[in-house]
Amino acid sequence: MPGPTMESEFPVEPQSLKKLSFKSLKRSLDLFSPLHGHFPLSDPESKKIRTSFKLNVEYGGIKGSAAEPSSNAKAGVQNQAQPASAPSNALALPGPENTRDERTGNELALGPSIPANGPTDVRFSGKSNAVVPSHGSSERNLSTAAIMERIPSRWPRPIWRAPWKNYRVISGHLGWVRSVAVDPSNTWFCTGSADRTIKIWDLASGRLKLTLTGHIEQVRGLAVSNKHTYMFSAGDDKLVKCWDLEQNKVIRSYHGHLSGVYCLALHPTIDILFTGGRDSVCRVWDIRSKMQIHALSGHDNTVCSVFTRPMDPQVITGSHDSTIKFWDLRYGKTMATLTHHKKSVRAMAQHPTEDCFASASADNIKKFSLPKGEFMHNMLSQQKTIVNAMAVNDEGVMVTGGDNGSMWFWDWKSGHNFQQSQTIVQPGSLDSEAGIYALTYDATGSRLISCEADKTIKMWKEDETATPETHPLHFKPPKDIRRF
């Protein structure tokens, strides 16, 4: 009885087309190569053909034949038999691709014949970027680096922006300046401080107009209504106050927070007020009746940033628990929770015209779309400090202020950091008092107000003398986009 054959002992493994192709090439090399055991020398004529083909593919239509005839068939075979470690050589696969040009009678080593006036329909596939003629019988990608298209970076290039410079320093507060708000008429702005006062300043001249007292702890949040003559303030004393600016006194107080109130925002269309604090709750107040409409609970730590918008989600809060929550104002429930940040989300800024917002944390500054909250991208640099405040104007200039006094300016669209400035503490202050706690633009977006730990308010504007020649744009698009 005959013994078991070799095939039954060792089952034949299925071989890929690539492996079979390489076996065929090796067999051809063994047949025709005069130097056994040596790799063939590169053929300059073949390299010239590949280079001209690549140039034609990259820079417009292919003029003439796709490939010139090589000097001898032997060199063509040697070129096909290059090892897999040399990706620049074309890989000629057995099959209908290795066709003969009917007009010249020459072998085409680079694939199917192409008309003399150029290809009629050439598509670039997303994965390998190889040229695939759609009219051919085979839709297979040609795995060769010789005809790969070099795709430019799709990252948007930032436009040139003038650097911002400090043009005014206002002193008057006796403690850290923690909050700022600009009047909708753009004539004055107010600041809240750790000295428990609220001061109102003339925007054009920087002169003090009025000082309001009433809080018994530092004033953390300020907002000015664009429909009434009201200003709202919130502080570490758990108090939320409504000031009538015609009488310059408190007309309403909103009681309910169990600890300090860290942030405050007014709804753009409805007469309601949002306050977030150390009790991990964002509370919604009816301005007129002083009643609490909702207590938006769900955060695990201090709610330190909030902004509102007319459409759902109407309330967005950021917290020390490193999450951002979207809230359904009708039911007082969470619509979505963004968990992209790893550190406290101390500042957020909504773009004035686009449906997106940015959030700042010590790990990164991220951009999200609205209303769904889809992650768009990170800013292209890391400030490497605790970011306390951020603001963005109509022209797409975003500014972030850090705990170490660093103020960075960003291009909103591309995320490029075009300026890094360091605030200078006023004489007599410690260097450790270089910290920025609040930032806002005026109504035009041409002037920036920063509130700082050295008890000053600084005003910034674009440098009119700067040009693209004096301050060139140094932009390098990112190689890979982090999707988290």
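The following paragraphs describe the fold, the confidence and selected local features of a predicted model.

The protein has 484 residues, of which 48% count as buried. Its secondary structure amounts to four helices and 30 strands. Of the contacts between residues at least 6 apart in sequence, 48% join residues at least 24 apart. The protein exposes about 24,900 Å², and carbon and sulfur atoms supply 54% of this area.

Confidence in the prediction averages a pLDDT of 80, and 73% of the residues score at least 70. Over residues 61–145, however, pLDDT stays under 50. For this stretch the model has 129 contacts beyond four places in sequence. Where pLDDT is low, the predicted coordinates should not be read in detail.

An open sheet of four strands is found in the order E8-E9-E10-E11, with antiparallel pairing. Its edge strands are E8 (219–224) and E11 (249–254), each of which pairs on one side only. From one strand to the next, the twist averages 25°. Within this sheet, strand E9 (residues 230–235) and strand E10 (residues 240–244) are joined by five bridges in the antiparallel sense. Ser233 has Lys241 in E10 as its bridge partner. The loop between E9 and E10 contains Lys238, a residue that has a positive phi of about 70° although it is not a glycine. Lys238 is partly exposed, because its relative accessible area is 41%, a value between the 20% and 50% cut-offs.

With a relative accessibility of 41%, Lys290 counts as partly exposed. Most residues other than glycine have a negative phi, and most peptide bonds are trans. The peptide bond from Asp312 to Pro313 is cis, with omega near -5°. Pro313 belongs to the loop between strand E16 (303–308) and strand E17 (315–319).

Another cis peptide bond joins Leu370 and Pro371, with omega of about 5°. Pro371 lies in the loop between E22 and E23. Strand E22 (residues 365–369) pairs with E23 in the antiparallel sense over three bridges, and Lys366 stands opposite Asn378 in E23. The two strands form a hairpin with five residues between them, in which Gly373 takes a positive phi near 80°. Met376 is part of strand E23 (residues 375–378). Although Met376 and Lys366 are ten residues apart along the chain, their C-alpha atoms are separated by 7.6 Å. Met376 has a relative accessible area of 31% and is therefore partly exposed.

The largest nonpolar core comprises 14 residues. Those with the most contacts inside this core are Ala360, Ile365, Met390, Met398, Trp410 and Trp412. At least two residues of the core come from each of strands E20 (347–350), E21 (356–360), E24 (387–392) and E26 (406–411). Another core, of 13 residues, lies apart from this one and includes Ala223, Cys242, Val261 and Trp285. Beyond its neighbours within four places in sequence, Met390 is in contact with several residues, among them Ala347, Ala360, Ile365, Met398 and Leu439.

Strand E25 (residues 397–402) is largely enclosed by the rest of the structure, because six of its six residues are buried. In a regular strand the side chains alternate between the two faces of the sheet. In E25 both faces are covered: Val397, Val399 and Gly401 are buried on one side, as are Met398, Thr400 and Gly402 on the other.

E25 has pairing partners in E24 and E26. E24 and E25 pair in the antiparallel sense over five bridges, and Ala391 has Val399 in E25 as its bridge partner. The hairpin of these strands has four residues between them, and Gly396 takes a positive phi near 85°. E25 and E26 likewise run antiparallel and are joined by five bridges, with Gly401 opposite Met407 in E26. Three residues separate the strands of this hairpin, and Gly405 in the turn has a positive phi of about 85°.

Technical notes:
Residues are numbered from 1 along each chain as its sequence is written. Side-chain values use heavy atoms; hydrogens and water are left out. Buried means under 20% relative accessible area, exposed over 50%, partly exposed in between (1.4 Å probe, protein chains only). A nonpolar core is a set of buried Ala, Val, Leu, Ile, Met, Phe, Trp, Tyr and Cys residues joined through side-chain atoms within 4.5 Å. Contact means heavy atoms within 4.5 Å. Two strands pair if DSSP finds at least two bridges between them. pLDDT is the predictor's confidence in each residue, from 0 to 100. Axes are lines fitted to C-alpha atoms, for helices over the stretch in contact, and angles run from 0 to 180 degrees between N-to-C directions. Accessible areas come from the Shrake-Rupley method with a 1.4 Å probe; for residues, only the protein chains shown count as cover.
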